[in-house]
2 protein chains.
Amino acid sequence: MDVVVVGAGFAGLTAARALRRAGRKVVVLEADGRVGGRTKAGRVAGEVVDLGGQWVGPGQTRLLALAEELGVATYPQYVEGKNIIDVDGRRVAYEGEVPALGPQATAEFAEVVGKIEALAAQVPALAPWTAPMAAELDSQTIESWLLANARLPATRTMMRLLVRAVMSAETSEVSFLACVAYAAAAGGFSPLISTRGGAQETLFDGGAWQMAAKMAQDLGPAVVLNAQVKAIAQDEAGVTVTTAQGAWRGRYVIVTAPPAMAARIDYTPALPAQRDGLSQRMPLGCVIKVHLAYARPFWREQGLSGLVISDRTEFGPWFDHSPLKGGGGSLVGFFDGGPAQRWADRPAAERRAKVLKDVALYFGEAALSPVDYAEEVWTRAPLQRGGYVSVPPPGALTAFGPALRASVGRIHWAGTETAEAWTGYIDGAIRSGEHAAQVVGGLL
Amino acid sequence: MDVVVVGAGFAGLTAARALRRAGRKVVVLEADGRVGGRTKAGRVAGEVVDLGGQWVGPGQTRLLALAEELGVATYPQYVEGKNIIDVDGRRVAYEGEVPALGPQATAEFAEVVGKIEALAAQVPALAPWTAPMAAELDSQTIESWLLANARLPATRTMMRLLVRAVMSAETSEVSFLACVAYAAAAGGFSPLISTRGGAQETLFDGGAWQMAAKMAQDLGPAVVLNAQVKAIAQDEAGVTVTTAQGAWRGRYVIVTAPPAMAARIDYTPALPAQRDGLSQRMPLGCVIKVHLAYARPFWREQGLSGLVISDRTEFGPWFDHSPLKGGGGSLVGFFDGGPAQRWADRPAAERRAKVLKDVALYFGEAALSPVDYAEEVWTRAPLQRGGYVSVPPPGALTAFGPALRASVGRIHWAGTETAEAWTGYIDGAIRSGEHAAQVVGGLL
């Protein structure tokens, strides 16, 4: 084998395809019984849906190109009607992309976003630790920065909700440098939080997971499922990658698992201290994704878009996710960060009751009777242990960041965490796979 | 087997002995080829020394009791003569425990320590997340708190150096709540940073590691070396603990590895999300310990105690560690936190040159010619990956802290991180082992 790829998510599948197109022999070892990584197919009320990553937006050019290549159609996220925002005791229905926070907080919120974007413009997404103010930004949490830079409770609460929704983590746990770098990788903070013109703009007809399935189909028997990698040993001639199903020998290995999960592989020789230290400092965010199906999208009849963001619920934000055909209605939403952490270990029935109660708070009693319900508790999933992305706490990036992409002998790292753009997104995963294939391909 | 203990450090050995004294059948599985965990024997200029934990201080009653029981004598850390402090461009030789920072900074430093101790008095060491101000303290780094609570550069620098020395981590990466809880577990911040009256007061004749060796001797064949635990499976009747040497069956298992290392074991069924999430958020501090031997303790002739703490060096602090007999001189010192991270992956010769250069800056050219040199790069050691202790970043303790001690079915957790007092110290490890033995013993 020329290259052993660990992980059959978008990063691994992309790398494997690129290498095979270049005439290389590859195998993709996947721990799970399915491909897709942090994307996954589910079913709700007869519709196939994404239990993981689902959206695509402008600038996510690699994912859009892949969809085109694989013949997966897209359609716009539903945004007709009014969004609901309920922050700091003030509940408003509004239209458009700018959260209606009241005049003062709206101005301050714009100012805060502007400050983050000005910083993001100075932070290289590939190496945020080289930014001139990196040490200062990395020695504080987003929360500390927020308390110093936003005075109004509504601004603060809104930012906390948005960081939770975008990074699946709390402002109290994430490095402010990591937040700025995340924005830098997306071309700004606004693209992260926006539907129209942002990362939640467009959906895939049939789901994003399909593209992983199609890539795997393409690769055929080169993708080995249920093959959790336990050990990677390297010597002068190559690597030996060991699973319960046996060992594979290759000249190089590309590991696409996020650092915290990649750390659970046994490496011989042991990894450098900087890489191991990084893997101890890149926890995955916490997320639970929920789909709710109804006989019809009844909220539309109330003039609502389906989007709700609220500090009175633990579930949320949620969005209209109604199927294009058939007249059924559905919602998709999240427990992110703290709420995901608090709800992950509880019984499914309690979680479902909480979701329905939270939705009913805004959509009325009709919300209490869905025709179907599906969820994925990513944070509890033994092979993923979180999502959407790894969230560096303070101090991690400036001290250990360079180890994120630095190859270790014959081991190369990929995965959305290592992307030069759209870190944390499917698009970033694809970019990282392309990059790893290019680097390793150049060595073969 | 009644109980399988994972790890033959002070926690595991203590638990195993206590259980065996209670008539239980135990086995201790140790990944390394030696016992002692984060203590370890070394040799420098013919003297046996501690390459890991070495000191004991007042209040560390369990370690003092163990030393007495095992017949290990103690002697005071050498403190005659003047310490050197070199902070913020001001180099002073002084006597006693209070760092000589100049009048203003000395006052401010005392104020800062006082504030931490006042907070520590309100934080229960066993459950810091239940303190009334826990959320606020845990949403910021020590650095953020320091910038808001100390105005003078010398105070700030001194605190940074002390946190580094005490927690083997940077103020920029550790939760302020974790710092306060660490002080709470030690009965204050002053005991952490003091020699006389503090955690660096007393040494063990022949080394602290001996006590682990003696406990292991006591346990005889119940301690199995080179048996790295790969998997723990539990069912209704008991646990199966698998190593490369084979599997052990027991009714309960006590895992003493720090959370980040315990996460590298494969658990069936998978651990709850809260426990796994904790293990992603408890990185080990970074530390490299160095012993330097000289023909004689020549610094004493200059009226110096041997203690140097400086912001102009990366190595340090260092202490006199001269043997009690024979007239030789020796120093023991550390790279902690950032410096340990930066130096861990470099060649040993470069590290040695750096140490000698740093010491010579204060002790003169004579420091450049040691008769022997020994080091332990804990941060690079594949089975430890850091020390002295796990250092929670912001957000970890309040959200995931309860999982630190909560048993998971038949799995119980020990190790100094779980101690009710002296977390991070040998004394805490002993306490945690006693506690685990008591809890598990009560279940048998």
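Modeller: Start with the surface through which the copies meet. 100% of the interface residues of chain A are also interface residues in chain B, so the copies meet through the same surface. Contact here means heavy atoms within 4.5 Å. This is a predicted model, where local features need pLDDT of at least 70, side-chain atom pairs count only at pLDDT 80 or more, and totals for chains, interfaces and linings use all residues. Residues are numbered from 1 along each chain as its sequence is written, chains are lettered from A and ligands numbered from 1 in the order in which they are written, and side-chain values use heavy atoms, with hydrogens and water left out.

Biologist: How many residues does the contact take from chain A and from chain B?

Modeller: Chain A gives 39 residues and chain B gives 39 residues.

Biologist: What rotation superposes chain A on chain B?

Modeller: Two copies of a chain are related by a rotation about an axis and a shift along it. Here the rotation is 180°, the shift along the axis is 0.0 Å and the RMSD is 0.0 Å. That is the relation of a two-fold axis. In chain A, the C-alpha of Arg264(A) is nearest the axis, 2.3 Å from it. The superposition is by least squares on the C-alpha atoms of residues with pLDDT of at least 70 in both copies.

Biologist: What area is buried between chain A and chain B?

Modeller: The size of an interface is often given as the accessible area lost when the parts come together. Between chain A and chain B about 3,000 Å² is buried, and carbon and sulfur atoms give 46% of that. The value is the accessible area (1.4 Å probe) that two parts lose on being put together, summed over both.

Biologist: Which helix of chain A gives the most to the side that touches chain B?

Modeller: H11(A), with 4 residues. Helices H5, H10, H11 and H15 of chain A each supply at least two residues of that side. Helices (H or I, at least four residues) and strands (E, at least two) are DSSP runs, numbered from the N terminus. By class, the side of chain A that touches chain B has 16 nonpolar, 12 polar and 11 charged residues. Ala, Val, Leu, Ile, Met, Phe, Trp, Tyr, Cys and Pro count as nonpolar, Asp, Glu, Lys and Arg as charged, and the others, Gly among them, as polar.

Biologist: Now inside one chain. Which domains make up chain A?

Modeller: Domain 1 covers 3–38 + 208–283 + 392–443, domain 2 covers 74–80 + 199–204 + 285–380, and domain 3 covers 108–191. The bounds come from an automatic or database domain assignment. The centres of domain 1 and domain 3 of chain A, over C-alpha atoms, are 28 Å apart.

Biologist: How many residues of domain 1 of chain A are in contact with domain 3 of chain A?

Modeller: 18 residues of domain 1 of chain A, against 20 residues of domain 3 of chain A. About 1,400 Å² is buried between these domains, with 66% from carbon and sulfur atoms.

Biologist: Where is a cis peptide bond in chain A?

Modeller: Between Gly316(A) and Pro317(A), with omega about 5°. Pro317(A) sits in the loop between strands E17 and E18 of chain A.
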